[in-house]
Amino acid sequence: MNPKHITPDSKNRRAFAPYNFVELPDENKIVVAQELPKQNCYDIQRHTGYIQCNLVTESPLYIRCGLIPDDFKKFENRTCNHEELNQLILEEQKRWTDFFYNPANNFPIIPGSSLRGMIRNIFEIVTYSKLHQVSGYQKLFFRAVAAPDNDPLTYEYKRKIYDKVKAGYLQQQSDGKWYIFLAKTVERQPFVWVKKSAIPRDVGLIDVNNIDYQPQYLKVRFDEINKIKTRYIANQVSKDNLNHQYKGYLVTSGNMMEGNPEGKSSREYHCLIGEKTDNYVEIDPGAVEDYRAALTDFQKKYFDQENGILKNDYPVFFCETKLGEKVTLFGHSPNFRVPYTPPTKNGRATSVTDFIPPKFKSSENPEIDMTEAIFGWVKDKKLENQTRAGRVFITDALLDSSTPDEQIWCQNNPDERITPPILATPKPTTFQHYLVQTDPEAKRENLKHYGSYPIKDTVIRGYKLYWHQKDVSSSSIRESNEEEISNKPKQYTKIRPINSKVSFHFKLYFDNLTDEELGALLWVLDLAKEKESRIYVKDDQEYRFSLGMGKPFGMGAVKLTNQQLWLSQRQEKRYQKLFNENNWETGNYNDTEIEAEVFVESFKNYLLDKNKIGENPHGNLEDVKRIKMLLAMLSFPGKSKGSVRYMQIEHPRNKNEYDERPVLPNPFDV
């Protein structure tokens, strides 16, 4: 049985976020698909047809306009400078910020691929399928320089790099392997420090508080080294003063301004390293691979997009190894990040997928689940049955033709755009949110992290979903600080969302589905209907699905209405005659509500069978604990914004809300 997440007893130890998780089922609860049909014919024992759906937005919705081939041609092999490129981007930005639209009439369209992803995500949870679409490429690293003694990462970090950091220069040899040539020691130290106020202007250092600041490697000479507390400090630095004894490089790193609303960095010191020597050590190829797979946006921006600092003659910091051993830990500053290395990885960096039980991985579990069975799959090239076409096809959702133009857009002026607050990428390294925590007191020192024993001690929390939020409007999704927008124009985006209460229609086609498979689709789609018109889930709560961008702001809530099921009678009707009065005979007819319920009952019985998920609460799927978690996350109108906002590093009253590593509770306890 997988470890189960426990909400902290104390509310002071509970975190909050615009997202939460539906837990993984136990490993033996994966529901295996029924026998797959042949792909070259229609099975008379199965069902083929379509479901007609209406979709209505319940909060502002935004799906970015796609790029076309001409867009890529404009930037292909360009030789323009940075300013010219920025100007070109600004010229195209208006169209790129549009909602996805039909070029023929400029009406907004919801792509079928977006609808498919939305429905498949819920379907995967409801049918107890494997966890799909999780990449193991991204390796996880951490840094715990100033963490307190009770932080779970403090010991791990100190154990790996404390008093072991040396300096050198990178070099790739003809064999393709990377080596570090050691730097000369300075006063028997591998490197020394210099205060930024002691660096003269002619050295060319860009101040850390300058908007154009970036990490720098500057050739310098330096002298007058004094020990102050635990550091050796150079008091004299110059560009080329021959009277200074040492020469080497001035090395800077990040400016520590992320999350600082004042826009000022607290960094006061930079590093100085000596000249290159002939002594070298080899970097372990596995460590190089892990480093490349863990590059941050910062490193990709200021170093090489693919290789980071891996460039000949670049200064580098690394951890000293025993004689004959290869270097496994290195980075661009003395306090570099190190990999999480749980006991199962033999010193290699871990990834999120290491904390997914093997039976939930398509790469390790060859059994086909219900999601793969009807949506198809593309697997690793090394595996058998690498691909299979799906049996569900979803059209684009088209705008209802009767919708007045003034009701479609949040901003009626075609040239006006909304600037929402900045949304960063998800941070799975916030392990107190993304990993199962089992201490009821949530003591900081007891928190599980990516260096913990995978599967045995902790697993990932499950399926990440965003809460719906109350009172979402065009004004509530705007960035209110105009000065911030002016100061950081490149970090903000512009959007043209459509309004709430806008109607679309689409069709979901299906081929050769069993009673149970069709019933699963119908049950999922029924969830997002208004409670008065729901057929299969009978309670007083409204539920909605989430679609598009801006989900952390409460954007993208949609409901599905007026679902009509049509089945094709190919054998009995369609192929018996060619014409139906003045039209082609299609063999379609409108199925009755009673027959649709039969499909849903078949699905629920199949899923709740004792040989499947092991719970049978009187045939009510919505009473199963995991499904209750899902329903809690889909509940509408949802939570108040204050209870599901992102925590802040610099909160006006609470200071750093992440500092004590509070734990994200279960959905029921939010």
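How many bridges join strand S5 (residues 165-172) to strand S13 (residues 315-319)? The answer comes with the second view below. First, a word on what you are looking at: this is a predicted model, where local features need pLDDT of at least 70, side-chain atom pairs count only at pLDDT 80 or more, and totals for chains, interfaces and linings use all residues. Residues are numbered from 1 along each chain as its sequence is written, and side-chain values use heavy atoms, with hydrogens and water left out.

**View 1. The whole chain, with its 14 helices and 28 strands.** Helices (H or I, at least four residues) and strands (E, at least two) are DSSP runs, numbered from the N terminus. Of the 670 residues, 49% count as buried, meaning under 20% relative accessible area with a 1.4 Å probe and protein chains only. The accessible surface comes to about 34300 Å², and 46% of that belongs to carbon and sulfur atoms; such areas come from the Shrake-Rupley method with a 1.4 Å probe. Take the contacts (heavy atoms within 4.5 Å) between residues at least 6 apart in sequence: 74% of them join residues at least 24 apart.

**View 2. An open sheet of 5 strands, in the order S12-S6-S5-S13-S14.** The pairing here is antiparallel, and two strands pair if DSSP finds at least two bridges between them. At the edges sit S12 (276-282) and S14 (330-331), each pairing on one side only. Back to the opening question: S5 and S13 are joined by 5 bridges and run antiparallel. Look for Tyr169, which stands opposite Pro315 in S13.

**View 3. Strand S6 (residues 178-183) and its partners, S5 and S12.** S6 is mostly covered, with 5 of its 6 residues buried. S5 and S6 run antiparallel with 5 bridges between them, and Leu170 stands opposite Ile180 in S6. These two strands make a hairpin with 5 residues between them, and in the turn Gly176 has a positive phi of about 85 degrees. Turning to S12, 4 bridges join this strand to S6, again antiparallel. Here Phe181 stands opposite Tyr280 in S12.

**View 4. The hairpin of S8 and S9, with 2 residues between the strands.** Strand S8 (residues 217-228) is joined to S9 by 7 bridges, and the two run antiparallel. Ile225 stands opposite Ala234 in S9. Check out Lys229 in this hairpin, which takes a positive phi near 60 degrees.

**View 5. The second largest pocket, with about 820 Å³ of space.** A pocket is found on a 1 Å grid over the protein atoms alone, as an open set of points where a 1.4 Å probe fits, with protein on both sides within 12 Å along at least five of seven lines; lining residues have an atom within 4 Å of a point. Grid points are joined across faces, edges and corners, and the volume is the space filled by probe spheres set on the points. Of the 21 lining residues, Tyr162, Asp163, Phe191, Trp193 and Thr230 lie nearest the centre. Helix H4 (154-161), S5, S7 (192-195) and S9 (231-238) each give two or more residues to the lining, with the largest share, 3 residues, coming from H4.

**View 6. Asp400, in the loop between strand S19 (397-399) and helix H8 (405-408).** Asp400 and Phe504 are 104 residues apart along the chain, yet their C-alpha atoms are separated by 5.2 Å. Leaving aside neighbours within four places in sequence, Asp400 is in contact with Ser503, Phe504 and His505.

How values were computed:
Buried means under 20% relative accessible area, exposed over 50%, partly exposed in between (1.4 Å probe, protein chains only).
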